[in-house]
Structures are given as structure tokens and as C-alpha cells.
Amino acid sequence: MTFTPTVLSIALDETSDPVLRPLPGEVAALLDEVGAPPRLVAHLRAVHDVAGRLVDWVGRHCPALAVDREAVLFGAATHDIGKTLHPDELSGPGARHEAAGRELLLAHGVRPEAARFAGTHASWGTPGVAVEDLLVSLADKVWKNKRVADLEDLVVAELSRAGGRPVWQEFLDLDEFLTGLGEGADLRLAWQAAHPVHG
């Protein structure tokens, strides 16, 4: 008898290869309620884990930079929830999931400031984007070892502004950390791909 993973088991069960922190319980329950596809739940868990590592590093590296850790983790755990309504965007391009995800979260009682990440994770270049949005966007790239120089430059600028260290030093430190995070990308990608697009 083979075990068929459920939304809750993908979101919450212990993993070993790769080791991924579980999604927050309320997010797992919401993903189950909306019928999120297995591949989407796996993706959200991988990005959430990387976001956790990233926000923990920022907290150690630049304690002067005020970051709402819980907002980053919630944003990473829900940023693509709109792909539940647009599952074709799980395996192909598309941006319909962004507004749809925000509306889906709002319809389930999520506060607008927390639901925003579903809409902002792809629009990090917009003026006035908060550091939390930048970190969710960065986690959504680096989980698969994709490096986006313009996005990283915005994070570097925030670190330099808050900590008072030169931009070049912040760049080198962030680059070293992201390179290390990227080394786990193949395991995360394989784990995500092991889950079907459709439940």
C-alpha cells in the first residue's frame, strides 16, 4: 500500500532530504481548505524554508534593520496561493495568480497587510516596496538558485542604510549567504517536482 501525500502531510510532516521547516499550521489548514495542488504546497514550503533562513540571517547580520519576521514567513508561505485558481501557472508562465491570490486570502479573513504578498512578490521593483516584500521576493528566487541582481541590490541598499556599512561590504556578505542557500536548490527542486501538479 502506497501513501498518497495530502496537503497537510506535505505542509507539515518532517522532511529529511531536504530538511524543510513546516508551514505555519494556519497556512496549512488554509491550503487544505482551498484545495491547493500538491506541487503548490511543496513550492510554498520550500520558499517558506528559504525565507526563514534569509530572515534569520538578516536578523543576525543587521539587527538594526527592522523586519517583521512573521510577515515575511506568512508572505513566503502564501505568496503563490492564487495558483490554486490558476493551476496552469504552476508549470507555465502567468501572472493571473497574483491578484487572485490576494483576493483569495482576503476572502478567507486574512488581513490586507498580510495578503499583500500574493500580489507584491513579483512587483518588487515598485517604488516604496517594504523590506519584507523584498525578502519574500528574494526567497522566491533564491530557493531555486536564481539570482536577480536588481532585487539583490535593493536588499543590499536596505542593509547598508540600516547598518551603516558600505554597500560593497553588504553586497559581498549577502552574495556569500545567497550562494550558500543556492547550494540546496537541487534538493528543493527535486522535492517539489516529486509532488504532482494536480491532486
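Q: How is Glu-70 to be read here: does it count as buried or exposed?

A: Buried means a relative accessible area under 20%, exposed means over 50%, and partly exposed lies in between, as found with a 1.4 Å probe and only protein chains considered. Glu-70 has a relative accessibility of 52%, and therefore it counts as exposed. Please keep in mind that this is a predicted model, in which local features need pLDDT of at least 70 and side-chain atom pairs count only at pLDDT 80 or more, while totals for chains, interfaces and linings use all residues. Residues are numbered from 1 along each chain as its sequence is written, and side-chain values use heavy atoms, with hydrogens and water left out.

Q: With which residue does Glu-70 form a salt bridge?

A: A salt bridge is a side-chain nitrogen of Lys or Arg within 4 Å of a carboxyl oxygen of Asp or Glu. Glu-70 makes one with Arg-69, where the closest N and O atoms are 3.5 Å apart, and Arg-69 is partly exposed at a relative accessible area of 31%.

Q: How many salt bridges does a search of the whole structure find?

A: The search finds 16 salt bridges. Among them is the one in which the side chains of Asp-56 and Arg-21 meet, at 3.9 Å from N to O. Asp-56 lies in helix H3 (residues 38-61), whereas Arg-21 lies in the loop between helix H1 (7-12) and helix H2 (25-33), so this pair ties together parts that are 35 residues apart in sequence. Both are partly exposed, Asp-56 with a relative accessible area of 25% and Arg-21 with 26%.

Q: Where do Asp-175 and Arg-147 lie?

A: The side chains of Asp-175 and Arg-147 meet in a salt bridge of 2.7 Å, N to O. Asp-175 belongs to helix H10 (residues 167-182) and Arg-147 to the loop between helix H8 (131-142) and helix H9 (149-163), so parts 28 residues apart in sequence are tied together by the pair. Asp-175, at 27% relative accessibility, counts as partly exposed, and so does Arg-147, with a relative accessible area of 30%.

Q: Which residues do salt bridges that share partners join into one network?

A: The network consists of Arg-21, Asp-49, Arg-53, Asp-56, Arg-69 and Glu-70.

Q: How many helices and strands does the secondary structure of the chain come to?

A: Helices (H or I, at least four residues) and strands (E, at least two) are DSSP runs, numbered from the N terminus. In this chain there are 11 helices and zero strands, and 52% of its 199 residues count as buried.

Q: Which residues does His-48 touch, not counting residues up to four places away in sequence?

A: Contact means heavy atoms within 4.5 Å. His-48, which lies in helix H3, counts as buried at 3% relative accessibility. With residues up to four places away in sequence left out, His-48 touches Arg-21, Pro-22, Leu-23, Pro-24, Leu-73, Ala-76 and Ala-77. Across the chain, among contacts between residues at least 6 apart in sequence, 67% join residues at least 24 apart.

Q: What radius of gyration does the chain have?

A: The radius of gyration is taken over C-alpha atoms, and the globule rule is 2.2 Å times the number of residues to the power 0.38. For 199 residues a compact globule would have a value near 16 Å, and the chain has 16 Å, which agrees. Taken along the principal axes, its C-alpha atoms fill a box of roughly 55 × 35 × 30 Å.
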